[in-house]
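Student: I have a model open and want to work through its fold and contacts. Can we go step by step?

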Amino acid sequence: MNIFKYTGLLLLTTFLMGTAYPAAKLGMMHTTPLMLMGIRFLLAGGLLALLSANKPQPKGAKSWLQLLLLGLFQSVGVMGFTAYSMRWITSGESAIISSTSPLMLILWGALMGTAYRVRQWVGVVIGFAGVVITFGMNLSINPGTVFALAGAVSFTVATLIINRIGPAFDKRVLAAYQMLLGGVMLLIFSFAGEHPSFELNLSSASVVIWLVIFCSIIQFTIWFYLLSHSDPGKTSSFLFLVPIFSVICSWLLLGEQITWYVYVGGALTCVGVFLVNWQGSSNSQSAEKNKSSVLRLQEEMEA
């Protein structure tokens, strides 16, 4: 792929990922967190399912139960917890702590006996040091921190699920139905545990359109195109740009003021994620053999 095309698409897709955090916080000014995420994934999953109608579809109760479980952790757990975290912390801080999932995956893989490179362990240490600096210097650990960490843990669990069930599904069909089922569950949880309401106006409608079209369907399509036409390891390593874009967009759109230690901690977290994912110059066969679980997830479904 042409280097300019590759760089442009890479910047665009990571930028769209980063905008999802401040966009969600803007949307929460007009509705509740679970209601907003439920609407997002119900519409995005439904549209993507229609676009994937010519792909092999799930068959049997077992397949649908697997998709339901994945939707519970990926769409409900990750985005539900992340959205709630922004009631207490900034969208930039939520993006930073949510990006620690690759570091958690390395720790889990090590417990399961997977061997990792020294560089990846250095990345884990640097990344978690960044999290400690970002939140440890704030003496009051609030619910937002806990919810953001729960979102990162949910992403880790979703990764383990997708590594087991992913090969049995078409990638786009898998992403479509986990979003669709996740959206339904989010709306059920919203009506059961929130006092859901939706203030329909130009601002709220714009947020929903952005989240559904740009942050879900377009971002998803570009990301899979890049993974299919480039080295997945090197492409995935640039996910460290997501919290950077999120912090910048949160400042521009929401006027969020970030303290100096959040910048330092966020930068270290980004470096850690980069080192964990970067595949270096190893040949494709070696890279495939040594690919971490987080890269396998990102190849299967990054929505």
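Tutor: Start with a rule: a salt bridge is a side-chain nitrogen of Lys or Arg within 4 Å of a carboxyl oxygen of Asp or Glu. Keep in mind that this is a predicted model.

Student: Which residue forms a salt bridge with Glu-256?

Tutor: Side chains of opposite charge can pair when their charged atoms come close. For Glu-256 the closest N and O atoms of the pair are 3.6 Å apart. The cut-off is 4 Å. The partner is Lys-25.

Student: How many residues apart are Glu-256 and Lys-25?

Tutor: The pair links distant parts of the chain. Glu-256 sits in the loop between helix 11 (241-254) and helix 12 (260-277), while Lys-25 belongs to helix 1 (residues 3-27). The separation is 231 residues.

Student: Is Glu-256 buried or exposed?

Tutor: Buried means under 20% relative accessible area. The value for Glu-256 is 8%. Glu-256 is therefore buried.

Student: How many salt bridges does the structure hold?

Tutor: The rule is a nitrogen of Lys or Arg within 4 Å of a carboxyl oxygen of Asp or Glu. By that rule the structure's count is 1.

Student: Now the fold. How many helices and strands does the protein chain have?

Tutor: Read along the sequence, the pattern is α-α-α-α-α-α-α-α-α-α-α-α-α-α. Of the chain's 303 residues, 54% count as buried. The tally is 14 helices and 0 strands.

Student: How far apart are the end C-alpha atoms of helix 3?

Tutor: Helix 3 covers residues 60-85, which makes 26 residues. At 1.5 Å a residue, helix 3 should span 38 Å. The distance in the model agrees: 36 Å.

Student: Where is the kink in helix 3 centred?

Tutor: The kink in helix 3 is about 30°.

Student: Which element gives the most to the nonpolar patch?

Tutor: The patch on the surface is formed by Leu-42, Leu-69, Leu-72, Val-184, Ile-188 and Phe-189, with about 470 Å² of accessible area together. Helix 3 and helix 8 (171-193) each give two or more residues. With 3 residues, the top contributor is helix 8.

Student: Which residues of helix 5 are buried?

Tutor: Helix 5 runs over residues 101-111. The cut-off for buried is under 20% relative accessible area. The buried ones are Ser-101, Pro-102, Leu-103, Met-104, Leu-105, Ile-106 and Gly-109.

Student: Which residue takes a positive phi just after helix 5?

Tutor: The phi there is about 95°. The residue is Gly-113.

Student: How far apart in space are Val-157 and Ser-101?

Tutor: Val-157 is in helix 7 and is partly exposed, at 28% relative accessible area. In sequence, Val-157 and Ser-101 are 56 residues apart. C-alpha to C-alpha, the distance is 9.4 Å.

Student: What separates the C-alpha atoms of Ala-158 and Val-78?

Tutor: Ala-158 is also placed in helix 7. Ala-158 is buried, with a relative accessible area of 0%. Along the chain, Ala-158 and Val-78 are 80 residues apart. Their C-alpha atoms are separated by 8.7 Å.

Student: What separates the C-alpha atoms of Gly-166 and Leu-67?

Tutor: Gly-166 lies in the loop between helix 7 (143-165) and helix 8. At 0% relative accessibility, Gly-166 is buried. Gly-166 and Leu-67 are 99 residues apart along the chain. The C-alpha separation is 9.9 Å.

Student: What is the relative accessible area of Cys-249?

Tutor: Cys-215 counts as buried at 2%. Cys-249 is buried as well, with a relative accessible area of 7%.

Technical notes
Residues numbered from 1 in each chain as written. Predicted model: local features only at pLDDT ≥ 70, side-chain atom pairs only at ≥ 80, totals over all residues. Heavy atoms only, no water. Buried < 20%, exposed > 50% of the residue type's maximum accessible area, 1.4 Å probe, protein only. Helix = DSSP H or I, 4+ residues; strand = E, 2+ residues; numbered from the N terminus. Expected span 1.5 Å × (residues − 1). Bend = angle between axes of the 7 residues up to and from the residue. Patch = residues over 30% accessible without salt bridge, like charges linked within 9 Å, V, L, I, M, F, W, Y side chains within 5 Å. Areas by Shrake-Rupley, 256 points an atom, 1.4 Å probe, with all protein chains shown as cover.
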